[in-house]
Amino acid sequence: MSRFKDKGGKGIPAISTASLPDIIFMLLFFFMVTTVMREVDLKVKVTLPEASETTKLEDKALVDYIYIGPPVSAALGTEPLIQLNDQFARLDEIDGWVQDGNGRRDEVLQPKITRSLKVDKETNMKIVTDVKQELRKSNALKINYSTARGR
C-alpha cells in the first residue's frame, strides 16, 4: 500500500511538435521578404562584357534598362534587337519609352534617372550608337553600360 507509483515502465515520451508550425511560418515569412521577383522577361540573349573598373549603381529604382542582343527565339533571326521592358522595340519607340519612364516618377527625381544599356558583347556598335542618338534626342543624357565584373 504505497502512495507512490512506479514511473519506470512508461518509456520515452513523444517529441513535441507544437513549435513546428511556428518554425514553418517563420521560414515562409523569411522567404517572402527576401525573395526578389524578376521584373523583366528577357527575350534577347545578353552576355555582358567583362570590365575590371566597375561601380555599382546606388539607387536601382531610378534605373531603366535597355537590352540589346540577338533574340532568344531562332524564329526571329540572328540580328540584334532592342528590348524595352518586356517587348521588342524599334528605334522610334525609345522616345515614348523615355517619356513613360519620366512620367512614372516624381519631377524631382527625373534628372536622376539612369538609362542602363545591357548589350551583348557580340553586338556591333551601330545599333548601340543609334540607341544613344535616340536617347540624346529624348533628352535622356544619363547613360550607363552594364558589365560583368572581370579580373
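Which residue's side chain meets that of aspartate 64 in a salt bridge? The partner is arginine 104, at 3.6 Å from N to O. The legends below describe close-up views. The model is predicted: local features need pLDDT of at least 70, side-chain atom pairs count only at pLDDT 80 or more, and totals for chains, interfaces and linings use all residues. Residues are numbered from 1 along each chain as its sequence is written, and side-chain values use heavy atoms, with hydrogens and water left out.

**View 1. Salt bridge between aspartate 64 and arginine 104.** A salt bridge is a side-chain nitrogen of Lys or Arg within 4 Å of a carboxyl oxygen of Asp or Glu; by this rule the count comes to six. Aspartate 64 is in strand β2 (residues 63–69), and arginine 104 is in the loop between α2 (94–103) and β5 (114–119), 40 residues apart. Helices (H or I, at least four residues) and strands (E, at least two) are DSSP runs, numbered from the N terminus. Aspartate 64 is buried at 5% relative accessibility, whereas arginine 104 is exposed at 55%. Buried means under 20% relative accessible area, exposed over 50%, and partly exposed in between (1.4 Å probe, protein chains only). Asp64 and Arg104 also belong to a network of salt bridges with Arg105.

**View 2. Salt bridge between lysine 137 and glutamate 134 in helix α3.** The N to O distance is 3.4 Å. The two residues are three apart in helix α3 (residues 125–137), which means a separation of about one helical turn. Lysine 137 is exposed, at 64% relative accessibility; glutamate 134 is buried, at 16%.

**View 3. Salt bridge between arginine 90 and aspartate 92.** The side chains meet at 3.3 Å, N to O. Both residues are exposed.

**View 4. Nonpolar surface patch including isoleucine 23.** The patch consists of Ile23, Met26, Leu27, Phe30 and Phe31, with about 520 Å² of accessible area together. Patches are made of residues with over 30% relative accessible area and no salt bridge; like charges are joined within 9 Å, and nonpolar side chains (Val, Leu, Ile, Met, Phe, Trp, Tyr) within 5 Å. Accessible areas come from the Shrake-Rupley method with a 1.4 Å probe, and for residues only the protein chains shown count as cover. Isoleucine 23 lies in helix α1 (residues 20–34) and is partly exposed, at 40% relative accessible area.

View 5. Two strands pair if DSSP finds at least two bridges between them; β2 and β5 pair in the parallel sense over six bridges. Isoleucine 66 stands opposite leucine 117 in β5. Axes are lines fitted to C-alpha atoms, for helices over the stretch in contact (heavy atoms within 4.5 Å), and angles run from 0 to 180 degrees between N-to-C directions.

View 6. Leaving aside neighbours within four places in sequence, valine 40 is in contact with Tyr67, Gln83, Asn85 and Asp86. Valine 40 and glutamine 87 are 47 residues apart in sequence and 9.3 Å apart in space, C-alpha to C-alpha.
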